[in-house]
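Please read the following points with the sequence and the model open beside you.

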Amino acid sequence: MKRVFGIKKETQPAPSVQDASDRINKRGESVEEKIKKLDAELARYKEQLKKTRPGPAQEAVKARAMRVLKQKRMYEGQRDMLYNQTYNLDQVSFAAEGIKDAQQTMAAMKSANKELKGMMKTVSIQDVDNLQDEMTDLMDVSNEIQETLGRSYGVPDDVDEEELMGELDALEADMEFEEGVPSYLQPDKEPDLDSELNMPSAPMGHASMPAGRANPQAEDELGLPAVPRASLRG
């Protein structure tokens with residue numbers, strides 16, 4: 001059967017852009033090496049032309065140099081062609097990579113879109129608006145509670161601030177007119193007990209005798225009239 005129908009040949013996979021680019025780059029490097037060798041040979045022929053005199057020998061050197069120069073031009077043409085092919089392959093590779101990136105981006109966006117649709121089913125705009133309204137009402141109630149707790153006791157609500165400011169201005173005017181601080185605004189002072197209890201001290205020594213008295217009496221150590229002692233009789 002194989003002899004009749006033959007054997008199916010295995011198809012080789014098509015080379016990728018990167019494989020073709022690598023192969024062309026290797027060929028370009030090989031051509032570049034040949035051009036360098038020809039440049040070295042041309043430099044040697046140039047030195048020989050400087051040393052030889054005009055004649056058959058110099059013409060032979062020129063012929064060999066011309067042959068090498070033609071080879072160099074041919075290799076340079078091949079090198080430029082290979083470089084152009086490499087450039088085209090790089091452009092194709094860049095475009096292919098861009099398409100792959102676009103495909104991956106589209107796949108990621110589709111997956112994200114599917115996830116967002118699933119999450120949006122659990123979230124309603126109306127529920128969000130209702131939640132915001134409830135939060136606003138709660139904040140208003142909280143502010144009212146804070147204001148109520150912070151209210152001062154014993155202060156009438158109908159106090160006129162302009163009237164209070166007028167009284168304060170009048171009080172300052174009175175203070176400036178009296179050029180001093182009123183007694184009810186002065187700080188309390190401690191009473192001077194020594195000045196309040198200032199009593200005359202007890203007399204010391206003998207008191208002087210008045211000039212009108214003729215009969216002086218004896219005095220005791222305190223300056224008082226001495227009491228005569230009764231005589232003792234036997």
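1. Glu-76 is buried because its relative accessible area is 16%, where buried means under 20%, exposed over 50% and partly exposed in between, with a 1.4 Å probe and protein chains only. This is a predicted model, in which local features need pLDDT of at least 70 and side-chain atom pairs count only at pLDDT 80 or more, while totals for chains, interfaces and linings use all residues. Residues are numbered from 1 along each chain as its sequence is written, and side-chain values use heavy atoms, with hydrogens and water left out.

2. Which residues meet the side chain of Glu-76 in salt bridges? One is Lys-72, at 4.0 Å from N to O, and another is Arg-73, at 3.4 Å from N to O; a salt bridge here is a side-chain nitrogen of Lys or Arg within 4 Å of a carboxyl oxygen of Asp or Glu. Salt bridges that share partners join Asp-39, Lys-72, Arg-73 and Glu-76 into one network.

3. Lys-72 lies four residues from Glu-76 in helix H3, about one turn of the helix, and Arg-73 and Glu-76 are three residues apart in that helix, again about one helical turn. An α-helix has 3.6 residues a turn, so residues three or four places apart point the same way. Lys-72 is buried, with a relative accessible area of 17%, whereas Arg-73 is exposed at 54%.

4. Glu-32 forms a salt bridge with Arg-79, with the closest N and O atoms 3.2 Å apart. This pair links distant parts of the chain, since Glu-32 is in helix H2 and Arg-79 in helix H3, 47 residues apart. Arg-79 is buried at 17% relative accessible area, while Glu-32, at 23% relative accessibility, counts as partly exposed. A search of the whole structure finds five salt bridges.

5. Helix H3 (residues 56-120) has 65 residues and reaches 95 Å from its first C-alpha to its last, close to the 96 Å expected at 1.5 Å a residue, the expected span being 1.5 Å times one less than the number of residues. Its buried residues, including Val-61, Val-68, Tyr-75 and Leu-82, pack against helix H2 (17-51).

6. The chain has six helices and zero strands, taken as DSSP runs (H or I, at least four residues, for helices; E, at least two, for strands) numbered from the N terminus. Its mean pLDDT, the predictor's confidence in each residue from 0 to 100, is 76, and 67% of the residues reach 70 or more. Among the elements, helix H6 (residues 193-196) has the lowest mean pLDDT (54) and H4 the highest (90).

Technical notes. Contact = heavy atoms within 4.5 Å.
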